[in-house]
Amino acid sequence: MNITPNYKTTSHPGLSILYAFELSGEHEELPVAEILACLRIEGLDFQLYTSIDQCLVVEIAGKEKDVEQVLKGPITERLAMTHHILKVVGITENTPDAVIKLADSFESSGYLREGQCFVVRAKRIKHHVDFPGELLEQKIGGCIYRKGFRANLKNPDVEFRLILSEKAVLGTILSSIDRSVYETRNPQNKHFFHPGVLMPRVARALVNLSGIKPGELFMDPFCGTAGILVEAGLVGAKVIGIDAQEKLVVGARMNVEAFELDYALMEGDACRMPFKQATIDAIVTDPPYGRSAAILAESLEKLYSCSLEEIQRVLKPGGIAVVVSDKEALEYGKKAGLKVLGIYVQRVHRSLTRTITIFQKI
Ligand SMILES: C[S@@+](CC[C@H](N)C(=O)[O-])C[C@H]1O[C@@H](n2cnc3c(N)ncnc32)[C@H](O)[C@@H]1O
């Protein structure tokens, strides 16, 4: 039986602790990429520990209190595709015996203080185990009770969570992401609605992938109703939007005004951006898709090639551009001199697949 203790020695000076992120499962790779981007944005000293179905475990070096402040604060506020962040008690095989052995043997002091009460909840991921989680909740509860702590199902101080995936990950919940706030910003709930908008959770994840930091300059050259700009503004970026249609610029203004963001919007052409070269920190954009799209250009091909040239011109060196399309943006970006960092494919419905291409200006 193989139990991974939480505390490990690494190349980092001082202790590293394992933290687990319980993922939403709405995409195979995006939730992981979003977390890694957020850890980089916040400057945490981390390395990947393991990635299993709907659970990412990273090892983070530094003072525990400082690290956890960042995880509970800005990282929890930024993430869109994670459910919970856990401080890992241990990782073991996904069998009842292995989990009970882990629950029996862990040192409680790093997780519970004297007098605190707890609850244990288990989450089965897909069909990785064939036994009910409730049974283990009780057994783990018994192990913790024998360490001298009381259970309290209604009002616990500490919530233990067991993720039953390809392995079993036991930890205490540091923070939970309030995913319902993204629904409140769904396109239909905004002041101005126009079809063809990315859902806020996807838009937020892409904003995170762009690496934008609070106070930096973020741009969407095909901003439409400002769905992406709102998410970037809410993480503290100064946002600039361009759209070819006046009515959408007016609507975008209504939407950004509702969130009191630091913004500038203009009617214009993504192929002729009114900015000096190397002035923008990050870009996320979804150019028009398909045949029926409203475009201001000779053709969709021309629009992609000239807008990607402009994106490469206005980005600062090292800056990231995330381009969402139903058409391959890859070749246009490469031709414009951008480096490709990654490509994600997202199936929206039977007839629509999005390609998300991450470019970097070198
Ligand atoms: C897929 S929509 C963008 C949706 C947007 N992300 C939102 O939140 O509403 C593409 C947008 O590109 C705009 N557009 C088309 N040609 C353009 C051009 N040459 N320059 C700037 N915007 C253009 C369209 O008016 C449309 O609003």
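This text leads through the ligand site of the structure and then its salt bridges. The model is predicted, so local features need pLDDT of at least 70 and side-chain atom pairs pLDDT 80 or more, whereas totals for chains, interfaces and linings use all residues. Residues are numbered from 1 along each chain as its sequence is written, and side-chain values use heavy atoms, without hydrogens and water.

The ligand sits in the largest pocket. A pocket is an open set of points on a 1 Å grid over the protein atoms alone, where a 1.4 Å probe fits, with protein on both sides within 12 Å along at least five of seven lines; a molecule sits in it if more than half of its atoms lie within 2 Å of its grid points.

Around the ligand there are 24 residues, and Thr225, Asp243, Gln245, Asp286 and Leu296 come nearest (near: a heavy atom within 4 Å). This shell holds 15 nonpolar, 6 polar and 3 charged residues, with Gly counted as polar.

For Gly227, a backbone N or O atom lies 2.9 Å from a ligand oxygen atom. The ligand taken alone exposes 610 Å², of which the protein buries 94% (Shrake-Rupley method, 1.4 Å probe).

Elsewhere, the count of salt bridges comes to 14 (a side-chain nitrogen of Lys or Arg within 4 Å of a carboxyl oxygen of Asp or Glu). Arg161 and Glu22 form a salt bridge at 2.5 Å, N to O. This pair links distant parts of the chain, 139 residues apart: Arg161 is in strand 8 (residues 158-164) and Glu22 in strand 2 (residues 16-23). Strands are DSSP runs (E, at least two residues), numbered from the N terminus.

Methods: Polar contact = N/O pair within 3.5 Å; in protein donor to acceptor, adjacent residues only side chain to side chain. 1 Å grid on protein atoms, 1.4 Å probe; cavity = no way out; pocket = protein on both sides within 12 Å on 5 of 7 lines; lining within 4 Å. Helix = DSSP H or I, 4+ residues; strand = E, 2+ residues; numbered from the N terminus.
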